[in-house]
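This report is a guided reading for someone meeting the structure for the first time. Please keep the sequence and the 3D view at hand while going through the sections below.

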Amino acid sequence: MDAPRTRSSSFSPIFAGLLGLIFNAAVLCSGGITSSFVRVSQKSVDMPLDADVFRVPPGYNAPQQVHITQGDHEGKAVIVSWVTVDERGSNTVLYWSEKNSTKKLKAKGMVTKYKFYNYTSGYIHHTTIKNLQHNTKYYYEVGIGHTTRTFWFVTPPEVGPDVPYTFGLIGDLGQTFDSNRTLTHYQSNPSKGQAVLYVGDLSYADDYPNHDNVRWDTWARFVERSVAYQPWIWTAGNHEIDFAPEIGETKPFKPFTHRYHVPYNASDSTAPFWYSIKRGPAYVIVLASYSAYGKYTPQNLWLQEELPKVNRSETPWLIVLMHCPWYNSYVNHYMEGETMRVVYEPWFVQYKVDLVFAGHVHAYERSERISNIAYNIVNGLCSPVSDLSAPVYITIGDGGNIEGLATNMTEPQPKYSAYREASFGHAILDIKNRTHARFGWHCNQDGNAAEADSMWFYNRHWHPVDDSSAKL
Ligand SMILES: [Fe+2]
């Protein structure tokens, strides 16, 4: 039974009055809303290996861990990935459009496998289906002989400024009972996310001895019920690094890059950790918190070339995903994103990024539209200021992983922080047209349709009016 929830401003009249008597700092620092509700304060518990959600599909060499992601820059291709365990099997995907189910087409891909300390993976298949029609339901079949499995997906509408599209937002999911609640809650949300923007930290296998890669397999079987049917757009988090020199594993991102392919070539990226896609009305740029980003580095050069390419008449909504947040007022991971912010924030303001989503902190937080680009060390201008050309920063690392919630917040709540709450959940970004998008954060303890925090965001290019929830 969930405890009754209460939401309260950290600056109730009595509290603010008391604080004002003590010192004037409250005037400088009074932020937005902090909910005092804490669902659980202890660590979350991973689901046991024999849990239903980890069940291996029946049949000899049955494809398992099926997942899809966008396979090109425009949304006309899909990468289908799956694992076979008993033998290599086939890399071919059979697929057909709902509109023409008699015309079955084939796409052939590749297979890979890897070892990690004393673990050997199954056969990991990746096949890209290309030249799909927009706005079309496709069925696809993987496996051979008597053990095939069939799934389906719906392709996005053609890229365009006023096509509505609904994204889900999930981060730091892991594989606990709370993770399962988050995924179920997302799937049953009446707002119906059409694709997930995933902000990093997938399985948390590295929390186990020797980074037990069996937990990469169980995670992929757990999320199959969503990601086999709609693309999840992947961002690499710190739990994807799997750098373990103590057991001889010195190649960062080995399990992640073998298991999760992304279309980085399609956006002229040279590594799978930073890339971009267009999907409906959105241009989504994925950045890498754990790859070099300073001046002269490959990611920096790529982003410098990438931002001017975004045509807001074609894709009005410019969205950036990264794992480590730049604006985070929790004690956990406080200031960890600062060095990347210093390098890239001026570009985000210059190119009027609408929204930045991050994970890493196991809680929820939404900022005002703010920037902190005036600071140059000697001028002392070190506080974020209201900036209508700046993005809103949202931390959504509250998927429910084994490490538990981040409940310690810096106090008082900074002015740039509009709303923060340490509860598990997911969010929905419902883009309506070139000017308006509805955002809602959904807590696991609320009903399916309840939004614990919500906003109408106005597009920075087409409708750059003030959409702050409070004045700084
Ligand atoms: Fe993280």
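## The iron site

Both His323 and His360 are buried, and the model in which they are seen is a predicted one. These two histidines belong to the set of protein donors of the iron ion, which consists of Asp201 through OD, Asn238 through OD1, His323 through NE2 and His360 through ND1, lying 2.1 to 2.2 Å from the ion. Written along the sequence, the spacing of the donor residues is D-x36-N-x84-H-x36-H. His323 is found in the loop between strand E17 (317-321) and helix H7 (338-350), while His360 is found in the loop between strand E18 (355-358) and strand E19 (364-367), so the pair ties together parts that are 37 residues apart in sequence.

How are the donor atoms arranged around the iron ion? The four of them subtend angles of 88 to 170°, and because of these angles the arrangement is irregular. A tetrahedral arrangement would need all angles to lie between 85 and 135 degrees.

Most residues other than glycine have a negative phi, and most peptide bonds are trans. Asp201 sits in the loop between strand E13 (195-198) and helix H4, and with a relative accessibility of 1% the residue counts as buried.

Asp172 is another residue with a positive phi, here of about 50°, although it is not a glycine. Its place is in the loop between strand E12 (165-170) and helix H3, where Asp172 is buried, with a relative accessible area of 0%.

## A cis peptide bond

The peptide bond from Glu411 to Pro412 is cis, and its omega is near -5°. Pro412 lies in the loop that runs between strand E22 (392-396) and strand E23 (417-421).

## A four-stranded open sheet

Four strands, in the order E2-E3-E9-E6, make up an open sheet with antiparallel pairing. Strand E2 (64-70) and strand E6 (110-112) are the edge strands, each of which pairs on one side only, and from one strand to the next the twist averages 20°. Strands of a sheet pair through backbone hydrogen bonds, either parallel or antiparallel.

Within this sheet, strand E3 (residues 78-84) is joined to strand E9 (residues 123-129) by seven bridges, and the two run antiparallel; Thr84 stands opposite Tyr123 of E9. Strands E2 and E3 also run antiparallel and are joined by five bridges, with His67 having Ser81 in E3 as its bridge partner. Although E2 is an edge strand, seven of its seven residues are buried, so E2 is largely enclosed by the rest of the structure.

Together E15 and E16 form a hairpin with two residues between them, and Gly280 in the turn has a positive phi of about 60°.

## The largest pocket

Rolling a probe the size of a water molecule over the atoms shows where empty space is left. The largest pocket has a volume of about 380 Å³. Its lining is made up of 18 residues, among which Trp152, Gly193, Gln194, Tyr229 and Gln230 are the closest to the centre of the pocket. Strand E11 (147-154), helix H3 (177-187) and helix H4 (214-227) are the elements that give two or more residues to this lining.

## Asn61 and Ala288

Asn61 is located in the loop between strand E1 (33-34) and strand E2, and at 7% relative accessibility the residue counts as buried. Asn61 and Ala288 are 227 residues apart along the chain, and their C-alpha atoms are separated by 35 Å.

Terms used. Residues are numbered from 1 along each chain as its sequence is written. This is a predicted model: local features need pLDDT of at least 70, side-chain atom pairs count only at pLDDT 80 or more; totals for chains, interfaces and linings use all residues. Side-chain values use heavy atoms; hydrogens and water are left out. Two strands pair if DSSP finds at least two bridges between them. Axes are lines fitted to C-alpha atoms, for helices over the stretch in contact, and angles run from 0 to 180 degrees between N-to-C directions. Donors are N, O and S atoms within 2.8 Å of the metal (3.2 Å for Na, K and Ca); water is not among the atoms, so sites may look incomplete. Four donors count as tetrahedral if all angles lie between 85 and 135 degrees; four count as square planar and six as octahedral if opposite donors are over 155 degrees apart and all others between 65 and 115; anything else is irregular. Buried means under 20% relative accessible area, exposed over 50%, partly exposed in between (1.4 Å probe, protein chains only). On a 1 Å grid over the protein atoms alone, a cavity is a set of points where a 1.4 Å probe fits but cannot get out, and a pocket is an open set with protein on both sides within 12 Å along at least five of seven lines; lining residues have an atom within 4 Å of a point. Grid points are joined across faces, edges and corners, and a volume is the space filled by probe spheres set on the points.
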